[in-house]
Amino acid sequence: MEVCVHCDEVAVPPLYNEDDQSQQHPFCCQGCMTVYNVLHQKGLEAYYEIKNNSAVFKRRSPVELKSTQFKYLDDADFEKEFSYLDSTGYRTMEFYLEGIHCLACLWLIEKLPEFVSDVMISKLDLERSVATVVLKPEGKFSSAAKEFSQLGYRPHPLKRNQDVMDFKAKEERLALIRIGVAGAATGNIMIYAVSVYGGAAGQFAEIFNALTVILAFPVMLFSAWPFYQNAWHAIKNKTVSIDIPISIALVAGGLFGFTTLFTDVNENYLDSLTMLVFLLLMSRYFLQKIQEKGLSAQDLHYFYQSDSVLKATTEEATEFSEIHPKFIKSGDILKIRPGEFIPADGEIVSGLSYMNNSLLTGESEPVKVRVGEKVFSGTQNIDQDLVMKAEKVHDESRLGRLLKNVENGWAHRSRIVDLTNRISKHFTIAVFLMAGTLFLYHYMQGNVRHALEQAITLLIVTCPCALALATPLTFTRALSKASEQGIIIKSDEVIEKLAKIKNIFVDKTGTITFGKLKITHFKALKETHLPLVDIIYNLEKRSRHPVAVSLVEYVKSQAPKLVAVEDLKETIGQGVSGTINGHFYVINKSGVFEDDILVATYQVEDTVRNDSRPTLDKIVSKGRNIQILSGDRAEVVESIAQEINLPGNFAHSGLTPEEKSQKIKNTSHSMMVGDGANDAIALGDADVGVAVLGAMDISLRAADVYLTTPGLVPVEKLITLSEETMKVVYRNLGLSLTYNCISVALCFAGYISPLTAAIIMPLSSLSVLISTLIGTKELRSLWK
Amino acid sequence: MEIMAILLPLAILLGGVFVFAFVWSAKKGQYDDLETPRFRMLLDDKKITKPTTNLIKEEK
């Protein structure tokens, strides 16, 4: 089996360069060959050396060549919106590059200034696949973009809100500095605190104690600032937050520590408290980081669709120039090439083609469109060039209105108060009650100062550090492990919601089925002059019709050979025809014909994934209901429901996007899994919306979870993950509350001291950490 | 134990220097991208070679 030297994909049949007589370098497609040649021409062959010596991050897919010239990038309006000046005053633009996959890409992209004279600096962020390009004063962005495209990447310009980005970067650096200061102070405090616990006495004890208090100042006043802020917010908005009891403990501990400077007491709780601040800040930082990762994936996909569009520059629509879809106006004449998405609602002016409406309506079969008929933005042209007149653009288009609906839904959605914060309410009340009781008890015995000291001590040692640590730790782990498995969860609260899900709604395409036509019953009826696979491969390989694509896919595995076809013709609605070695072949809906004699028949359908049925049974056995919500025809949906053994009344067909969302709204604890724009509103309305691979940007934004592997299996994983994660969360909460009970008991018994606190408090945090790392049996098997 | 009078301030000072260095580097944005730089250094010595062959056709 030959493997493409460029993308490592199996090459059937392999292509070779004309001068490569010994056939040393096979390619899977024209695209890969072109890029390979370009790289050699430019002296960039080290790319292959690096590629072959490095571990591949992501699987590389074959290069799809695009003839875009990126002229729109040089448009003054466009540049104003998308570029910005870097710190030294040069024009800079960021591109999301589709196709970045390994170290060699990094090398290639960053070498750009050496072979593109317009570019001054080119930097790549491997994790986000974002290249930052700084231009020389006279340079053009289009030459950089063209170069990216030639090297086999697809550049998408990113719009950067400079102020927001700067603010975010500053915030993040500040968070990091807070952690650093807390860590350094905690470490130093510990040295002196341990000396005091270890028996330093007299003058030394006093000096050491003073040092701990001084070192704790920046932690209490600077590092811990976010806790006070959150607590204040919560009090002002009359909500609950775990930060309230934490702030109380910190303030009490800080004041108590400060007073020790003036008394003969030389022990304080600052060592425990500063460590706690350090641990909490870290756990929150990591949780935020991992969520941002999921969110940035979402931001980027927004631009996926924003490829250039051809707009007519003359009245007769003979000349076209590239513009960015953002700048389309009503009345513009646009040319849509095969494979492109329609950027606005409008009418066909000339051309005849097939449209793939599945993303907008859920229909699986391509629809024929001709002059005078309406097309909608978000649908895909699959066959021939079309010229259309844009009528409704952007927000007014059907897709735009859908998007608005989704955004409204999001805005009205209430955030749930998570478990930890709900507990914190009872927790705070309980702590104050106990502190009051303790104070009264000692007050009765007549010692006011002792009573006050004891009450404050209780407030300090009941600081819910483990409680506050428990959930972020568990969720961070769940989110990061999930993303390793291709499940990107956008926010931590989703996990809590997921565990309560009762009803799961799925869209048929892409989840239960492959979402792609497949040849099912291929029957050869007669001997042919040429092997059937060769006939089909050579006639259909250039066609973009979905059936043709699936036919090519079908014969590819049987190693077809290349043969020359004369008079190759493709007629809309009538299939393809051509002559090979004097025999006339036709392939159409009814089958394959040789000299007008039927020689083979086939059937084509969207088949059910092999693992759909067992996974469905697993989900049902966990006590969940599954229902199909589809916009497709009843026969199709019913036959699929039958195949996966789903009762007929659980399969709903012919639904509009609004009807889907209505169904979801009427059901509590619902989860929606879907990909098309027609699912977007439903995704937003469901308690948890899950978008699957290949989804439209609109549904990605509406969803809470994004699956990078299609099918029901990740859905089942997601449910198990959330259930088991919640188990760990409850266990952690139990553990930390136990420690709090112990410290309260010790307090009442009068045994508590800074030393016992210094043992109990870290111990409780450690136990929570270990419990999180261990997880549960199911979680461990899921991680494997 | 008089040595403590020198050692204690010295210890604090040393700690302070490191905290300052950390704050400075964080503010400079050295921790903004933790992924790419570790790879970038591996590629420093890979150079572009001059075009060696003219046999390959110019792509349009």
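Reader: How many bridges join strand 6 to strand 8 of chain A?
Author: In this predicted model, strand 6 (residues 309–312) of chain A runs antiparallel to strand 8 (residues 333–336) of chain A. Strands (E, at least two residues) are DSSP runs numbered from the N terminus, and two strands pair if DSSP finds at least two bridges between them. The number joining strand 6 to strand 8 of chain A is two.

Reader: Which strands are the edge strands of the open sheet of six strands in chain A?
Author: The sheet has the order 7-6-8-14-9-12, with antiparallel pairing. An edge strand here pairs on one side only, which gives strand 7 (320–323) and strand 12 (374–375) of chain A.

Reader: Is A:Ser771 buried or exposed?
Author: A:Ser771 is in helix 27 (residues 754–774) of chain A; helices (H or I, at least four residues) are DSSP runs too. A residue is buried with 20 or more other C-beta atoms within 10 Å of its own, exposed with 12 or fewer, and partly exposed in between, C-beta atoms being placed from the backbone. Because A:Ser771 has 21 C-beta neighbours inside 10 Å, A:Ser771 is buried.

Reader: How are the residues and chains labelled, and which pLDDT limits apply?
Author: Residues are numbered from 1 along each chain as its sequence is written, while chains are lettered from A and ligands numbered from 1 in the order written. Local features need pLDDT of at least 70, totals for chains, interfaces and linings use all residues, and side-chain atom pairs count only at pLDDT 80 or more.
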